[in-house]
Amino acid sequence: MQPRNMSMSGVVDLAAVKAAGEAKQKAERARADAARTGGAPAPGRLIFNVDEAGFQQDVLQRSTEVPVVIDFWAEWCEPCKQLGPVLERLATEYAGQFVLAKIDVDANQMLFQQFGVQGIPAVFAVIAGQPVPLFQGAAPEAQIRQVLDQLIQAAEQQFGIVGTPVEPGAQDEGAEEAAAPAAPESPQDRALAAAHQALDAGDLGGAVRAYQNVLADDPANGEAKLGLAQAQLLERVQGVDATQVRKAAAESPADVKAQIAAADLDLVGGHVEDAFGRLVDAVRRTAGEDRDAARVHLLSLFEVIGGEDPRVVAARGALARVLF
């Protein structure tokens, strides 16, 4: 699960949403393999330096398998010298529940600016491609442990990301990662990979058909459901005049079709609560077929974000109150 675009401003990163779905599938397979064989996934590095060139692979891609904690530091920063060893010791102690990426801000100004760091030391996390601010300054160890525990819990509950157990000594910078033999791909895996490739390439029609083919053979495939919901959403907003759509929605609050079109734009623009609230209001104001159309479309948008997301949980509750 490959988040290709990191959203720093609240925009819904559909690639990262897809990444979360893939991460959950991968985590479930890893747990199943470990239970069956009594073994553990191949270890990786616990602590490593990151630069701008390696950020995509070392942080974004890695964050689909394990929470990545980022330590922004500089050689001249005295509090950094206090915090750094504590984070490194905790990374070793937690043994693969998270990994620690160290970024020298003097050498990586672009990353420093992208994260909006106000001062150092600053500690962020990335989960399934999504940045999460943790704390700034040399915090007490007890507070750091509490933050890390919450991070690990959120990664598992919301994304199914549970980390990878790491053998002692594997945390050294430059240590080679053990290579586990790849399981042979099934026809279903290949079909799903082709669907992902179509989505990534912008072939939305092809992606929709490919995901539908996967679901025809495996109706319960969560990864394909997520991909299909994303592809259909992007297909609906492709080429629309956003100004006209929003104008129509503002002028006709009771026009369900206008509210549905605007909700799609809300969601793609990262205004998740606005999209959900708009359709909950449409359900409240309408009846009959219009009401059902708004309700069904709202449920389809839930699929894009994922049923365990707190915003979806809250919107489901609001919808239930309106309906009953």
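Residues are numbered from 1 along each chain as its sequence is written, and side-chain values use heavy atoms, with hydrogens and water left out. Because the model is predicted, local features need pLDDT of at least 70 and side-chain atom pairs count only at pLDDT 80 or more, while totals for chains, interfaces and linings use all residues.

**Stop 1: the sheet**

Select β1, β2, β3, β4 and β5. Helices (H or I, at least four residues) and strands (E, at least two) are DSSP runs, numbered from the N terminus. The five strands form an open sheet in the order β1-β3-β2-β4-β5, with mixed pairing. Two strands pair if DSSP finds at least two bridges between them. At the edges are β1 and β5, each of which pairs on one side only. From one strand to the next, the twist averages 25°; axes are lines fitted to C-alpha atoms, for helices over the stretch in contact, and angles run from 0 to 180 degrees between N-to-C directions.

**Stop 2**

Select residues 99–104, which are strand β3. Is this strand enclosed or open? Five of its six residues are buried, so β3 is largely enclosed by the rest of the structure. Buried means under 20% relative accessible area, exposed over 50%, and partly exposed in between (1.4 Å probe, protein chains only).

I47 stands opposite L100 of β3. From β2 the chain passes through helix α3 (residues 78–94) to β3, a right-handed β-α-β crossover. Right-handed means that, with the strands pointing away from the viewer, the path from the first strand over the helix to the second runs clockwise.

**Stop 3**

In the loop between α3 and β3, select A95. Its phi is near 50°, a positive value in a residue other than glycine. A95 is partly exposed, at 31% relative accessible area. Next select A128, in the loop between β4 and β5 (130–136). A128 also has a positive phi of about 50°, although it is not a glycine. With 0% relative accessibility, A128 counts as buried.

**Stop 4**

Select F112, in helix α4 (residues 109–114). This residue is buried, with a relative accessible area of 18%. Leaving aside neighbours within four places in sequence, F112 is in contact (heavy atoms within 4.5 Å) with F72, V105, V117 and I120. I120 is joined to P121 by a cis peptide bond, with omega about 0°. P121 is found in the loop between α4 and β4 (122–127).

**Stop 5: helices**

Select residues 141–159, helix α5, which lies across β2, β4 and β5 and runs at about 165° to β5.

Finally, select α10 (residues 256–268) and α12 (residues 288–305), which pack at an angle of about 10° with their axes 10 Å apart. The two helices are therefore roughly parallel to each other; angles under 35 degrees count as roughly parallel, over 145 as roughly antiparallel, 65 to 115 as roughly perpendicular and the rest as oblique. Residues to show in the contact include I260 and L267 of α10 and H297 and L301 of α12.
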